[in-house]
Amino acid sequence: QYTAEKGDSYFTARAGKISPTLVRNYGNGLLASASTPLIITDSILGQNPFTPARASFGVDVGGRWKSLFVQSGVVNGEDVGGQAAVKNHKDIYATGEFALPDGISGVGLYYYRGGYDLGDSMAGFLSDRYDRKGFVGNFTKDRFRLAGAYLYGQDRVSTLSDKKVRGFYGQVDVQATEWWVPFARYDEIKTEDDAGIDRTRKGTLGCAFRLYQSEATAGRLVLEASRQKQLDVSTNAALFHLLWTF
């Protein structure tokens with residue numbers, strides 16, 4: 001990565017295994033939870049393994065001018081053996097984010113266009129050209145934060161009908177004291193393909209605890225409970241997440 005500053009503005013360029021900074025921040029970087037929103041990290045269509053949080057090899061450039069940050073990149077996805085190949089395709093993405101005067105709250109736009117060859121090399125590949133679009137936002141005030149995102153997209157697979165996905169999440173964090181932050185999140189995703197419409201809903205409750213913090217190290221514990229319903233099947237889950245940074 002190379003970065004050059006000029007006053008309160010800067011230019012940056014990266015090469016390697018990367019993902020958009022906007023997705024990294026709003027996917028979970030701003031949130032108290034340990035789990036990640038479904039529309040950012042879990043929503044796929046058919047055999048296409050793409051999710052917005054999926055890192056890929058490539059290059060991107062970005063720049064900040066006052067409250068505006070923009071970024072654009074050209075990347076390859078990663079092959080999935082017997083399922084998806086990317087060697088004949090290049091993906092592009094573009095994002096923009098506007099920060100509010102507090103420097104933390106903000107809104108952003110996201111666009112990704114990519115392609116895969118889907119299937120098995122012995123049986124023949126189908127070409128899949130897809131796009132994902134959406135917006136993200138967070139409002140942070142003193143001990144309160146509300147964050148969310150809405151994304152939608154479409155897969156255009158040769159010889160097959162188009163497939164669609166749309167979904168959103170919203171999360172509330174409340175800093176009750178200096179050392180514990182309860183939170184609640186709601187996720188909803190709707191996918192549509194040849195088999196029909198599939199709707200997934202998930203509610204998550206939890207709390208993040210600061211165990212200790214110094215200039216050189218810190219510890220955090222997150223406890224979560226969630227309930228997910230997909231079609232007529234409901235699943236309960238619990239998460240224990242201990243993080244030690246040094």
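Which residues does G153 touch, not counting residues up to four places away in sequence? They are D131, R132, K163, K164 and V165, where contact means heavy atoms within 4.5 Å. Before going further, please keep in mind that this is a predicted model, in which local features need pLDDT of at least 70, side-chain atom pairs count only at pLDDT 80 or more, and totals for chains, interfaces and linings use all residues. Residues are numbered from 1 along each chain as its sequence is written, and side-chain values use heavy atoms, with hydrogens and water left out.

Let us stay with G153 for a moment. It lies in strand β9; strands here are DSSP runs of E with at least two residues, numbered from the N terminus. G153 is buried, with a relative accessible area of 7%, buried being under 20% relative accessible area with a 1.4 Å probe and protein chains only. Looking back along the chain, L126 is 27 residues away from G153, and the C-alpha atoms of the two are separated by 19 Å.

Now turn to the aromatic rings. Rings of Phe, Tyr and Trp (its six-membered ring) pair if their centres lie within 6.5 Å, and planes under 30 degrees apart count as stacked, over 60 as edge-to-face and the rest as tilted. The count by this rule is 12 aromatic pairs. One of them is the stacked pair of Y112 and Y130, at 6.2 Å centre to centre with 10° between the planes. Because Y112 sits in strand β7 (residues 106-120) and Y130 in strand β8 (residues 124-141), this pair ties together parts that are 18 residues apart in sequence. Both partners are buried: Y112 has 3% relative accessibility and Y130 has 0%.

Y130 also pairs with Y116: the ring centres are 5.8 Å apart and the planes are at 15°, so this pair is stacked. Y116 belongs to strand β7 and Y130 to strand β8, so here the parts tied together are 14 residues apart in sequence. Y116 is buried too, at a relative accessible area of 1%. Ring pairs link F50, Y93, Y112, Y116 and Y130 into a cluster.

The pockets come next. A pocket is an open set of points on a 1 Å grid over the protein atoms alone, where a 1.4 Å probe fits, with protein on both sides within 12 Å along at least five of seven lines; lining residues have an atom within 4 Å of a point. A volume is the space filled by probe spheres set on the points, with grid points joined across faces, edges and corners. The largest pocket holds about 500 Å³. It is lined by 25 residues, of which A32, V181, A208, R210 and R220 are the closest to its centre. Elements giving two or more residues to this lining include β9 (144-157), the strand of G153. β12 gives the most, with 5 residues.

The second largest pocket has a volume of about 280 Å³. Among its 16 lining residues, I44, T191, D198, T200 and Q230 are the closest to the centre. Two or more residues each come from β11, β12 and β13, and β12 supplies the largest share, 4 residues.

Terms used
Buried means under 20% relative accessible area, exposed over 50%, partly exposed in between (1.4 Å probe, protein chains only).
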